[in-house]
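Please read the following account with the sequence and the coordinates side by side.

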Amino acid sequence: MALSPKLEIRQGQTLIMTPQLMQAIKLLQMSSLDLTTYVEAEMERNPLLERGDGEGERADDGEGGGDERQDTDRGAEGDSDWIQAELPDNSRDITDRLDADLGNLYPDDPSTGSDETPRPEPTDRDAWQLGLGGGGGATASGEDYNLEAFVASGTSLQDHLSAQMILAVTDPVERIVAQVMVDNVDEAGYLRLDLDETAERMGLPRENLDAVLRVLQTLEPTGVFATSLPECLKLQLIEKNRFDPAMEALIENIDLLARHDLQGLRSACGVDDEDLADMISELRALDPKPGSSFGDALVQPVVPDVLVRPARDGSWSVELNSETLPKVLVNQTYYAEISTRTRDDTEKAFLSECLQTANWLAKSLDQRARTILKVSSEIVRQQDAFLTKGVQYLKPLNLRTIADAISMHESTVSRVTSNKYMSTPRGIFELKYFFSAAISSSEGGDAHSAEAVRHRIKALIDAEAPDAILSDDTIVKILRDDGVDIARRTVAKYRESMRIGSSVQRRREKRARLG
C-alpha cells in the first residue's frame, strides 16, 4: 500500500481552555482571602482597574467622585460663611452686644479673659492631652498621631527568654549558643534543635551545649527548653520539689497513662490506688505547653462568605457577605484619554490587553458571586430541617443533587463549596459540611446523614454513666432501635474520628476521675 499525502475536512466540537476561562475557574475555587490578594495584585499590574468602594472612587465615566467632593466643599464653605456672619470677630464685640462680661457667660473657657491678659504657652504635656482629648487625631501642633501607638504590644516568647538569658549567661561564647537555642524554641516552649549537629556546625564540644541548656532550663516559665513532654513535666516537678522516684516512674511510663492502664502504672510506680490518683491529679495540674501563654500570633477569624438569617415569612434570607467581595471598576474614561495619546502599536496592544483583562476580571467576579449565591440558596433549601431543628436533622446530600437542581456541573459545585463558609443561626459552617454520606434506615424510611449519626454517637457516649459504659455493640443496638442501620465497624470508625476512646479506656478514665 503506497503512502501519499492527502487533505481531509472534519467537523467536531472541542472545549478549549482559554486563559480567561482558566481564570474564571481559578477565581471560583479561591477563598475570600486568596481572592483579595489576587485582586490587589491585578490592580497593581493593570492601570485600568480601580477599587469600587470608598469615597472619591471614579466610576466608568470618571466624574461621579469629583462632583461629590465639589458639593461637599461648597457645603463646608456655606457653613463657614454662616459662622462668620453670625459670630463677631472678637470677644469685645460679643461683650458689647450682650451687655455682659464674657467671663460671666463662659467661666470655664480660658479664652474669655481680657485681651490684655497674656495666654500661657502650652507645655508638651498640655499638647499631648489636647491631642488625645480632641478626638480628631491631631496634636496641638497640628500633627496627626496614631492612637494604636499608645497601646502596649504583646511580648513574644523569644523576647521574654532573651531578656532572661542576658542575665543568666555571661560568657560571650555561651551567650551566642544560648541565643541560637532561644531562636529555635517553638511556640509551645520546646527546643527544636539537633544538639549534635549544632555542636558540629559551631565547632564546640557537645558538653558545652549541654551546660548552656541546663542554665536555660532554669528560666521562666518553668518547663521551657525541654526536648520532650516527659522532660517538660520533669522540669516543672523539680521546681515544685515533687520529683521523687515514684513520680519519675510515672513520667517514664506516661504512655501507660495515655492508655489508662492504671494497673500497669501501680506496679511500675509501686504505689496504691490512692497515691496513684494523687500523682495523676498532680501531673494533670502541670502545663504541657509552658510557652503558649506568650503566643502573640494573630488568630485569623473565619469570615463567612454567605449570611443566612430567618425571614419574617418563615423562610430563610440568603445573601452574600459584602465584606468578602472585592469591588473593582474599569476606568473607561482613563482608557479613552490614554488611547488617544498612544504612539506605537506596542502601547496600543498593551492598553487593549489591559482593558480586556479588566473587563473579564469584573465579569468573572460578578459571575463568581452569582454562582456562590445560587449554590448556597439551594443548600439552604435542602437543609431547612437542619437550620430549624439541629444537626440531628441534617439530610444526606451530595454534589449531584445540588448540581441537578441548579443546572450546573458537579465540578462547579465542588469548586464553589471549597474554602467557603456560611453563617447560620446555628453557627458558621464550611459549605462542604452540609454534604455527607447516607446511612440507610433499618425501617425502610429516609436515609440518615453520616454527620447526624456521628452526632448521635457522641451524645450517647457523653450521657453514659461511669458504671454503665456503652460498648460499640450496645451503641449499634441503640441506633438500630432508632431506625439507623449501621455496622459495628462504622461506629468504631466514627468514634475514633472524634478521638473518643474505646469502652475499656473510657471506663478506666471515668473511674480514675471518681476515685
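This is a predicted model: local features need pLDDT of at least 70, side-chain atom pairs count only at pLDDT 80 or more; totals for chains, interfaces and linings use all residues.

A residue is called buried when its relative accessible area is under 20%, exposed when that area is over 50%, and partly exposed in between (1.4 Å probe, protein chains only).

Residues are numbered from 1 along each chain as its sequence is written, and side-chain values use heavy atoms, with hydrogens and water left out.

The side chains of Glu464 and Arg506 form a salt bridge with an N to O distance of 2.7 Å, where a salt bridge is a side-chain nitrogen of Lys or Arg within 4 Å of a carboxyl oxygen of Asp or Glu. Glu464 belongs to the loop between helix 21 (450-462) and helix 22 (472-481), and Arg506 to helix 24 (residues 503-514), so the pair ties together parts that are 42 residues apart in sequence. Helices (H or I, at least four residues) and strands (E, at least two) are DSSP runs, numbered from the N terminus.

In total, the structure holds 23 salt bridges. Among them is the pair of Asp196 and Arg206, whose closest N and O atoms are 2.4 Å apart. This pair links distant parts of the chain, with Asp196 in helix 9 (residues 195-202) and Arg206 in helix 10 (residues 206-216), 10 residues apart. Asp196 is partly exposed, with a relative accessible area of 47%, and Arg206 is likewise partly exposed, at 32%. Another salt bridge joins Arg341 and Glu337, with the closest N and O atoms 3.4 Å apart; here Arg341 is exposed at 56% relative accessible area, whereas Glu337 is partly exposed at 38%.

Turning to the backbone, the peptide bond from Glu220 to Pro221 is cis, with omega near -5°, and Pro221 is found in the loop between helix 10 and helix 11 (229-239). Asn241, although not a glycine, has a positive phi of about 60°; Asn241 lies in the loop between helix 11 and helix 12 (245-252) and is exposed, with 70% relative accessibility. Ser407 also has a positive phi of about 60° without being a glycine, and its place is in the loop between helix 19 (399-406) and helix 20 (410-416). Pro310, in strand 2 (residues 306-310), is exposed at 56% relative accessibility, and its C-alpha atom is separated by 9.5 Å from that of Thr388, 78 residues apart along the chain.

The structure holds 0 disulfides, a disulfide being a pair of cysteine sulfur atoms within 2.5 Å. Cys232 is buried, with a relative accessible area of 0%, and Cys269 is also buried, at 10%.
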